[in-house]
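Subject: A structure for you to look at

Hello,

Here is the structure I promised to pass on. Please open it alongside this note, and you can follow what I found in it as you read.

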Amino acid sequence: MFAAHGNPARAYAGVAVETSVAAAAPVDLVVMLYEGAMDGITKAIGHMRERNFEAKGKQVTRVIRILEEGLRASLDPRGGEVSNNLRDLYDYMAMRLLQGSVKNDPAILVEVRNLLQDVKGAWEELARTTHANAVQAHAAAARLAA
């Protein structure tokens with residue numbers, strides 16, 4: 001039953017992630033991307049300290065892909081200054097991740113993780129507001145339907 005994954009816990013975790021993604025609002029998906037990037041940086045730092053450079057490189061590559069293919073690609077070109085600033089920030093982060101990886105400098109990776117944490121906080125606030133507004137709209141619709 002679990003032969004494809006080799007590990008029942010890993011298979012369960014994969015299903016949980018797929019279910020979370022399928023049920024998530026777009027703003028929640030952005031928060032998940034930030035969490036994935038931050039997790040990847042934490043793992044890369046651990047691999048760097050263990051001198052496991054291959055695993056470090058894989059994690060740094062994963063985070064850069066999240067920045068480029070997830071976060072940067074999802075920016076609305078009509079977003080004006082905010083989109084432009086985020087695009088520039090994602091480019092800066094990717095460049096710093098490469099520098100930190102080449103120099104094996106965990107402080108540079110921590111810098112990027114801290115930047116991600118700061119911006120993620122703004123997205124989490126947006127998610128809370130979005131969810132609160134959706135609940136209010138749903139309640140109003142329910143009152144009108146009654």
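The largest nonpolar core of this predicted model has 24 residues. Those with the most contacts inside the core are Tyr34, Ile41, Leu67, Tyr90, Leu97, Leu109 and Leu116. The elements that contribute two or more residues to it are H2, H3 (53-72), H4 (80-103) and H5 (106-145). H2 supplies the largest share, with eight residues. As background, nonpolar side chains in soluble globular proteins tend to be buried together.

Leaving out residues up to four places away in sequence, Tyr34 touches Leu71, Leu86, Tyr90, Leu116, Val119, Lys120 and Trp123.

Is Lys120 buried or exposed? Lys120 has a relative accessible area of 9%, under the 20% cut-off, so it counts as buried. It lies in helix H5. Apart from residues up to four places away in sequence, Lys120 touches Val31, Tyr34, Glu35 and Met38.

Now for the overall picture. The chain has five helices and zero strands, which gives the pattern α-α-α-α-α along the sequence. Of its 146 residues, 29% count as buried. Among contacts between residues at least 6 apart in sequence, 62% join residues at least 24 apart.

I also checked the length of helix H2, which covers residues 26-49. At 1.5 Å a residue, its 24 residues should span 34 Å, and the C-alpha atoms at its ends are 35 Å apart, so the two values agree.

Next, the packing of H3 against H4. Two packed helices are described by the angle between their axes and the distance between the axes. The axes of H3 and H4 come within 10 Å and cross at roughly 170°. Because angles over 145 degrees count as roughly antiparallel, H3 is roughly antiparallel to H4. On the H3 side, the contact is made by Lys56, Val60, Val63, Ile64, Leu67, Glu68, Leu71 and Arg72. From H4 come Arg87, Tyr90, Asp91, Met93, Ala94, Leu97, Leu98 and Ser101. By type, the residues of this contact divide into ten nonpolar, one polar and five charged.

One of the charged residues there deserves a look of its own. Lys56, in helix H3, counts as buried at 5% relative accessibility. Setting aside neighbours within four places in sequence, Lys56 is in contact with Ala44, His47, Met48, Ser101 and Asn104. The C-alpha atoms of Lys56 and Gly46 are separated by 7.9 Å, and these two residues are ten apart along the chain.

Arg51 is in the loop between H2 and H3 and, although not a glycine, has a positive phi of about 65°. Arg51 is exposed, with a relative accessible area of 61%. Asn104, one of the contacts of Lys56, sits in the loop between H4 and H5. Its phi is also positive, near 50°, in a residue other than glycine. How accessible is Asn104? With a relative accessible area of 31%, Asn104 is partly exposed.

I would be glad to hear what you make of it.

Best wishes

Key
Residues are numbered from 1 along each chain as its sequence is written. This is a predicted model: local features need pLDDT of at least 70, side-chain atom pairs count only at pLDDT 80 or more; totals for chains, interfaces and linings use all residues. Side-chain values use heavy atoms; hydrogens and water are left out. Helices (H or I, at least four residues) and strands (E, at least two) are DSSP runs, numbered from the N terminus. The expected span of a helix is 1.5 Å times one less than its number of residues. A nonpolar core is a set of buried Ala, Val, Leu, Ile, Met, Phe, Trp, Tyr and Cys residues joined through side-chain atoms within 4.5 Å. Buried means under 20% relative accessible area, exposed over 50%, partly exposed in between (1.4 Å probe, protein chains only). Contact means heavy atoms within 4.5 Å. Axes are lines fitted to C-alpha atoms, for helices over the stretch in contact, and angles run from 0 to 180 degrees between N-to-C directions. Angles under 35 degrees count as roughly parallel, over 145 as roughly antiparallel, 65 to 115 as roughly perpendicular and the rest as oblique. Ala, Val, Leu, Ile, Met, Phe, Trp, Tyr, Cys and Pro count as nonpolar, Asp, Glu, Lys and Arg as charged, and the others, Gly among them, as polar.
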